[in-house]
Amino acid sequence: MARVLTPRAEDFPRWYQDLIAKAKLADNGPVRGTMVIRPAGYAIWERMQAEMDDRIKAAGAENAYFPLFIPESYLKREAEHVEGFSPELAVVTHGGGKQLAEPVVVRPTSETVIGEFMAKWIDSYRDLPLLLNQWANVVRWELRPRVFLRTSEFLWQEGHTAHATREDARAYARKILHEAYEDLMVNVLGIPVVVGLKTARERFAGATATYTCEGMMGDGKALQLGTSHELGQNFAKAFDISYSSAEGGREHAWTTSWGTSTRMLGGLIMCHGDDNGLRVPPRLAPTQAYVMVVKDGDGVTEAAAKLRDALRDAGVRVTLDDRTDTPFGRRAVDAELRGYPVRVEVGPRDLAAGNAVVVRRTDGSKSPTPVADVVGAVLAALDDDQRALHDQALAFRDSRTVDVATLDEALEAAATGWARVPWSVVGVDGEAKANGQGVTVRCLLRADGSVPDTEDEPDLVAILARAY
């Protein structure tokens with residue numbers, strides 16, 4: 001396999017690109033910074049999307065859709081927002097062969113256009129909370145693109161809500177943070193995340209507070225996997241999102257926004273992948289069990305088909321590979337690259353002994369198993385390996401995270417992993433110094449690991465790291 005992929009320890013970025021290409025997850029698009037997501041990659045994204053959509057709906061939000069094109073004037077109405085996005089905007093000045101009366105922006109995010117319609121739809125306190133989500137593409141002109149991690153166009157969900165009080169808005173932003181984002185990342189993607197508050201320097205443009213889920217990748221760097229924002233009344237005042245209160249007065253709403261994207265695919269690759277390819281957590285995997293005919297004849301194909309059917313009946317997402325005109329070794333390498341959690345290999349020799357071979361992607365183990373016991377063995381392997389991938393990632397993160405007392409020690413530790421350091425010894429000036437050396441404050445935590453309300457709370461802990 002070393003000839004298929006560059007070893008991770010030798011060149012992690014090259015390994016990442018090799019894996020995406022060899023596993024047929026994505027290609028670079030024809031315009032710099034864009035990507036083509038191939039069926040193998042899109043199938044994983046569809047599973048992420050379905051799991052996330054269930055959690056968002058459980059939190060009470062409803063799906064809607066808003067336009068790709070946004071009048072430039074909308075963005076200018078919230079000054080901090082447009083300033084934050086100006087370097088990344090794609091602006092359309094001509095359409096239908098004519099110059100447009102007003103340029104339109106290809107959406108980088110939809111706070112402004114959704115704010116316009118929230119103002120139209122909300123009249124009374126009875127209309128609140130208004131909880132919306134959309135699945136869409138967005139464009140942010142990326143100067144240093146990398147497939148899945150930073151592309152000029154990417155896919156995501158973006159939630160936007162309006163509330164009667166600041167307390168309700170904050171509670172909802174955190175509900176999404178924990179019950180949708182953290183739950184999905186930990187329990188489905190198998191990525192242990194640190195959940196915390198962004199500093200003012202790292203805060204979303206126009207927000208009053210940004211909460212984040214940060215994962216450690218296989219090279220010790222951090223990746224921001226999802227964010228949830230309190231927007232205060234900034235957008236409500238800019239777009240007059242107001243309502244008649246129960247007392248008869250007119251009040252501005254409090255709003256939130258939150259999003260996750262195809263960046264989670266990049267995080268999945270870099271967190272769980274190894275020198276043989278991708279390793280997909282079983283709860284996420286589009287194909288959980290891959291039944292392979294080693295060689296045709298002696299009833300092998302028929303036996304493999306029966307195993308596929310039995311696994312499907314047991315609730316396993318299963319695929320049958322009976323392409324005996326393609327060498328078995330090549331097919332096995334492809335299965336490793338794509339990270340199918342379990343392979344069930346059915347060949348004449350094993351079948352003559354009443355067995356099939358169960359191969360687990362997580363640890364590479366191969367177990368001859370009586371055909372009658374294969375379904376039970378696969379179900380047990382899927383449960384065990386979901387936990388194993390999470391626990392391996394957590395052990396790695398713990399091994400690469402150090403507690404330090406000074407900024408200089410934190411900067412040194414960030415060369416190989418994460419540093420935990422008192423925020424009081426970093427501060428705004430220390431953060432600027434760290435940024436100058438390619439290190440960022442990923443988030444702030446309370447001493448007990450919980451999420452603070454503001455960065456001004458006493459005794460906060462800062463997580464410093466290099467990041468994607």
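What is the volume of the largest pocket? The points below begin with that matter; please bear in mind throughout that the model is a predicted one.

1. The largest pocket has a volume of about 1600 Å³. Its lining comprises 47 residues, and those closest to the centre are Glu-88, Arg-140, Arg-150, Gln-224 and Arg-263. Two or more lining residues come from each of helix 4 (79–85), strand 8 (153–163), strand 11 (222–230), strand 14 (254–261) and strand 22 (440–445). By class, the lining of this pocket consists of 15 nonpolar, 17 polar and 15 charged residues.

2. The second largest pocket holds about 210 Å³ of space. Of the 13 residues that line this pocket, Lys-24, Arg-323, Arg-330, Asp-334 and Arg-338 lie nearest its centre. Helix 10 (residues 328–338) gives the most to the lining, with six residues. Seven of the lining residues are charged, five are nonpolar and one is polar.

3. The structure holds two cavities of 30 Å³ or more, and the largest cavity has a volume of about 70 Å³. Helix 5 (111–121) gives the most to the lining of the largest cavity, with four residues, while strand 8 and strand 14 each supply at least two. Among the residues that line this cavity are Glu-111, His-160, Phe-235 and Ser-257. The lining divides into five nonpolar residues, six polar residues and one charged residue.

4. The second largest cavity has a volume of about 40 Å³. This cavity is lined by Arg-166, Ala-169, Thr-208, Glu-230, Leu-231, Gly-232, Trp-254 and Thr-255. At least two of its lining residues come from helix 6 (166–187), and at least two from strand 14. Three nonpolar, three polar and two charged residues make up the lining.

5. Strand 14 gives two or more residues to the lining of the largest pocket and at least two to that of the largest cavity.

6. Which sense, parallel or antiparallel, describes the pairing of strand 15 (residues 289–293) with strand 16 (residues 318–321)? The two strands pair in the parallel sense, over four bridges. Within this pairing, Met-292 stands opposite Asp-321 in strand 16. Together with helix 9 (residues 300–313), strand 15 and strand 16 make a right-handed β-α-β unit.

Conventions. Residues are numbered from 1 along each chain as its sequence is written. This is a predicted model: local features need pLDDT of at least 70, side-chain atom pairs count only at pLDDT 80 or more; totals for chains, interfaces and linings use all residues. Side-chain values use heavy atoms; hydrogens and water are left out. On a 1 Å grid over the protein atoms alone, a cavity is a set of points where a 1.4 Å probe fits but cannot get out, and a pocket is an open set with protein on both sides within 12 Å along at least five of seven lines; lining residues have an atom within 4 Å of a point. Grid points are joined across faces, edges and corners, and a volume is the space filled by probe spheres set on the points. Ala, Val, Leu, Ile, Met, Phe, Trp, Tyr, Cys and Pro count as nonpolar, Asp, Glu, Lys and Arg as charged, and the others, Gly among them, as polar. Two strands pair if DSSP finds at least two bridges between them. A crossover is right-handed if, with the strands pointing away from the viewer, the path from the first strand over the helix to the second runs clockwise.
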